[in-house]
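I opened the notebook to keep track of what I looked up, entry by entry. The sequence and the structure go here first.

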Amino acid sequence: MTFVLNRFIQMLVTLFLMATLVFLAIRLTPGDPAQIFLGDVGSPHQYESLRELMGLDRPLYVQYLDFLQGLVTGDLGESLFDGQPVMNRISHRILPTVTLALTTMFAVVLLGIPLGLLAAAAPGSFLDVVIRIVTYSIQAVANFWLAILLIMFFSIRLQWFPTFGQGGPAHLVLPAASLGIPFLARVVRFVRGGILEVLDSDFVRTARSKGLSRVVVVTKHAFRVTLIPLVTDLGLRLGWLLGGTVIIETVFAWPGLGSLTVDAVRTRDYPLVEASVLILSAFFLVTNFFIDLSYGLLDPRVRYG
Amino acid sequence: MENQTNHARNRLLVSAVLVAALLVPLLLFGFGMSQSGTLVVAHHEGFATLDVTTSTRRSTLGIARVLMFDPLILRDSDGSFQPGLATAWRQIDDLTLELDLRQGVTFHDGTPFDAESVRFTIEKLLDPDQRTAQGFLWEGIIEVQIINDFQVRIVTARPFGPLMAHLTLGAMLPPNFDSEVNTSQPVGTGPFQFVSWSPGEELVVEANPDFWGDAPGVERVVFRPIIEDATRIAGVMSGDIHIAFGVPVQLVSVLDATADVSIARIQSPITQHISLGGDARPPVGGDPRVLQAIDLAIDRETLVRDIFQGQAEMPTSIYSPNVFAAHPNLPAKVYDPERAIELLAEAGYPDGFEADMWYTAGAELQIADAVVAISQQLAAVGIIVNIRVAADWGVGGPIINGRNFDMYYNGWATYTLDPDFYVWPNFHPNARNREGTDTYEFGAEVVSLVEQGRFNTDPQVRTDAYHRLQEILWENPTRLPVVQPFDLYAVRSEVQGFSPRSSQMWWDLRQVTLGN
Amino acid sequence: MASAERYPRRRFSLALILGLVGVFGLTLMVFLLPIVFSMDPFKIHSGSYLLKPVPFEGSSWRHLLGTDQLGRDTLARLMIGGRATLIIAWSSVLLAGAIGVVAGLLAGYFEGRIDVVVMRIAEAIMAFPMVILALLLVATTEPGPASLIGVFTFVGWPHFAKIVRGGTIALKNEEYVVAPRALGAHSLRVIFRHLLPNVFPLFAVMVPLQISTIVYAEAGLSFIGVGIQPPDPSWGAMLSDGRAYMLVTPWLVTWPGVALLITVLSANLLGDSLQDWLNPRRRGI
């Protein structure tokens with residue numbers, strides 16, 4: 001239990017530091033937010049009243065305490081546009097993003113593990129070389145480019161899937177594929193590499209020399225050892241995935257937090273930017289916290305101290 | 001033996017997982033069918049609010065208002081006034097307009113529409129505490145007199161020429177109107193009633209069964225703001241969207257050649273122009289010769305041909321020809337870069353100068369392309385333009401009200417088709433939604449002509465005043481009209497009965513039906 | 001079977017060569033081609049918009065890769081856009097590298113309070129999804145190349161700091177560090193004379209991998225309109241603009257996509273094969 005508590009406290013500390021960073025980013029970067037919001041064409045009067053509205057006229061520590069108090073009470077400020085609490089706009093955007101990210105993750109794992117195992121079947125063969133080259137290249141494909149290509153072929157030419165928005169689950173296919181395909185390539189490589197590494201290790205050699213078949217060794221021993229690094233990598237890659245949703249949601253007009261963040265950045269709606277960045281990042285952090293905890297389930301050798 | 005069993009079991013497992021993984025998207029695909037009777041419309045501008053009493057944005061006024069509300073007076077497709085919630089009207093004297101109201105109309109919540117609702121609405125629009133960009137439309141009115149439940153008189157302080165035209169924008173509100181509720185769940189008398197709204201995602205409305213006019217031809221309308229041109233157009237091509245506003249001009253021929261899509265086109269009341277900040281620094285803001293030089297350096301014909309691909313017209317005046325009292329025969333704008341260079345030299349800038357030109361991202365189609373092209377044309381006479389992009393918010397935002405910028409390229413739509421909608425906020429120092437306009441120098445004659453046009457009910461007097469005003473502003477511009485673009489809609493073939501209107505404020509979905 | 005495989009010799013692999021050629025070839029190309037052929041990415045060629053590349057119907061040798069919706073030459077825009085991308089990527093990686101190496105060396109050498117402060121900040125930055133933090137920072141500055149460099153430096157340095165700190169802690173009890181310290185050499189001298197050269201490979205390996213991350217992130221930000229601003233070309237913005245016209249000419253979205261792919265791929269190849277080269281026990285690409 002101490003382990004869980006320790007990790008939890010660590011997570012809270014990181015969360016606090018992240019929030020501080022978000023707070024400072026808006027206020028201490030070279031540009032003056034009120035000035036940038038007005039596009040340096042607003043009148044001095046507008047500038048002053050906007051600073052007042054944003055609370056920028058108060059001393060920094062007062063703003064900070066206020067910000068922290070807001071975080072604890074769930075009040076993340078009001079939009080500069082309509083004066084509505086930003087949480088109103090954010091709350092119904094969370095689920096679509098979580099759906100998109102988790103569906104992608106789920107599909108990638110579901111396809112990536114078997115494909116990775118297959119790829120590890122015959123190291124050094126011609127097929128293996130092809131798989132390695134293809135997956136290595138696909139890893140480097142920009143997901144927003146992939147999104148354009150997928151729309152071009154599957155929505156417009158073949159009219160299989162809708163081009164945008166949220167509706168039936170069919171709407172999920174192209175955004176998830178754009179995010180997932182480069183990611184899938186990575187997972188396949190990761191599983192393949194991990195399995196081969198383990199197969200090369202001494203304990204597997206021992207097992208093999210005892211006459212256990214390659215298949216048994218792979219599934220019973222090698223795969224279990226590969227699982228923890230894989231899950232860790234998936235957790236870290238969730239950050240990359242969330243970064244991807246920001247752009248992919250914009251392409252597909254997917255009504256999630258990512259496209260909301262982009263809108264907020266484009267319109268310089270700072271309270272909304274702060275809140276949505278924080279929530280996306282917290283989601284990342286919390287997921288990784290649970291991944292840490294899950295090690296115990298995956299590997300009996302890990303005991304919560 | 002054991003090896004083989006293991007092997008088989010393992011293969012089975014792997015294939016089961018694979019099949020499951022492949023089935024998931026297929027299963028999901030099965031749920032994706034759309035409902036029939038639902039019309040999907042996409043626009044390139046999102047709603048900031050559904051509050052039709054404060055916004056002048058075309059998304060709010062042109063879509064939310066048109067779908068869910070009715071004005072007292074409507075405009076027909078040819079621009080003539082038609083009965084809305086008022087069935088008849090007469091000018092009793094110069095200051096009083098009497099209206100007979102339609103009987104038996106109810107709001108979506110069941111509240112009956114009557115004279116009280118008219119008074120409530122107009123008083124609300126006049127409320128000085130209401131920070132509304134529409135203020136200038138209504139400020140001529142001093143009082144609404146109730147004669148009986150279905151007859152009212154609108155009284156103005158001075159004769160108010162544009163009253164009828166402006167009334168076409170006024171959405172009638174129920175007297176139990178609640179600002180809090182109405183910004184997110186509007187209640188009107190219109191052909192469609194509110195179902196749901198997710199900002200940035202969709203507005204859903206359904207046919208109002210008790211609508212006073214002909215029942216709408218579709219059960220539901222889903223309106224989706226899709227800012228990305230490519231996504232919007234791809235949606236029309238793939239059949240996800242039935243009607244899309246805003247077609248990039250380069251795609252007109254492609255969409256026209258697509259079997260299931262056609263382009264609907266109409267002259268819009270929009271003029272794209274270069275305006276100056278009230279505090280524009282010299283050189284741009286100082287010497288009128290500099291502005292004339294800029295005017296002469298813009299090759300509008302090339303812009304119309306290359307940037308707008310013929311989907312726009314050369315400006316015939318400061319506002320578009322379908323607006324009331326548009327001047328019929330002003331001389332065409334001349335492109336004369338040599339004269340521009342001379343003028344710049346006379347003004348003391350033989351080597352040109354540098355200046356900023358702003359535009360609002362996403363506000364108008366082709367706007368970014370036009371700014372790029374103009375910046376090159378100006379570079380040819382020595383004016384180096386730094387292109388600056390403002391955050392996405394359009395007319396009425398602080399940018400247009402702020403004053404210390406050099407040049408701003410934007411479109412101004414004269415939505416009511418009455419020139420007052422354009423000239424009052426732009427050329428009169430007292431315009432209510434403008435801040436500290438005292439440094440503008442329009443000249444006494446300009447100001448007096450703007451007033452003559454507004455404070456007269458005689459169409460001939462107004463026409464003469466506006467003609468003279470257009471002549472003055474044509475010769476001594478304070479803003480440079482650049483082009484008058486067309487409104488372009490992409491429409492799927494299954495949509496029947498859609499015809500674009502001259503102002504996006506009156507586009508109409510009542511007659512639209514969905515066939516196959 | 002595999003004692004030879006387990007301890008292979010360091011050698012120049014095909015991947016390393018491809019990576020080197022890719023990264024340096026691209027850099028040379030985007031800097032030299034526009035000068036040699038005096039390309040103008042802004043010139044609007046009246047009447048020749050949305051041309052297809054040679055040899056397709058309607059193409060022109062004057063516009064080898066075609067033109068965009070305004071009639072601007074795609075090749076010129078690709079080159080000048082690539083130039084901006086590479087300048088931003090290289091400057092921010094080198095700046096982030098410099099800051100990260102110094103921070104990592106100090107934190108690793110002194111440990112204690114400096115270490116805690118530096119690494120906590122670094123961890124907080126790394127706890128954000130990278131693109132999202134970049135987006136936050138971009139929102140607070142005027143968009144443009146300079147602010148992008150600032151943003152990417154800020155999000156990039158912790159990666160260098162973390163790895164250099166680890167290397168420093170591992171190396172600082174080696175004889176060549178302990179000996180001069182025992183002889184009374186100044187800490188800073190020990191750090192920069194003796195430790196720096198030994199942690200340098202850690203830095204070198206990170207560079208290409210960070211380059212590829214940043215090229216990708218910059219393209220993404222420009223794609224959604226908050227990176228490089230028009231009329232300046234960038235691959236991300238070209239992809240975004242070209243989308244609307246993919247029905248007329250899919251080439252407009254093909255070229256910048258391929259350019260991005262080649263850049264990121266060769267930077268990855270370089271980074272991964274450098275890693276293999278320094279650490280022969282690692283499994284190859």
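In what order do the 4 strands of the open sheet in chain B stand? I read the order as β4-β5-β7-β6 of chain B, with antiparallel pairing. I noted the rule for strands: they are DSSP runs of E of at least two residues, while helices are runs of H or I of at least four residues, and both are numbered from the N terminus. Two strands pair if DSSP finds at least two bridges between them.

Before going on, I wrote down that this is a predicted model, in which local features need pLDDT of at least 70, side-chain atom pairs count only at pLDDT 80 or more, and totals for chains, interfaces and linings use all residues. Residues are numbered from 1 along each chain as its sequence is written, and chains are lettered from A and ligands numbered from 1 in the order in which they are written.

**Sheet of chain B**

I looked up the edge strands and found β4 (86-93) and β6 (141-148) of chain B, each pairing on one side only. The twist from one strand to the next averages 20°; axes are lines fitted to C-alpha atoms, for helices over the stretch in contact, and angles run from 0 to 180 degrees between N-to-C directions. I then followed β4(B) to β5 (96-101) of chain B: 6 bridges join these antiparallel strands. In this pair, B:A86 stands opposite B:L101. Helix α3 (115-126) of chain B packs on the sheet and touches β5, β6 and β7 (151-156) of chain B, its direction making about 170° with that of β6(B). Contact here has a cut-off: C-beta atoms, placed from the backbone, lie within 7 Å.

**Chains B and C**

I checked where chain B meets chain C, and 19 residues of chain B are in contact with 18 residues of chain C. On the chain B side, α12(B) gives the largest share, 5 residues.

**C:A185**

I found C:A185 in the loop between α7 (175-182) and α8 (187-223) of chain C.

**Chain A**

I counted 12 helices and 0 strands in chain A. Of its 305 residues, 45% count as buried.

Key:
Two residues are in contact if their C-beta atoms, placed from the backbone, lie within 7 Å. A residue is buried if 20 or more other C-beta atoms lie within 10 Å of its own, exposed if 12 or fewer, and partly exposed in between; C-beta atoms are placed from the backbone.
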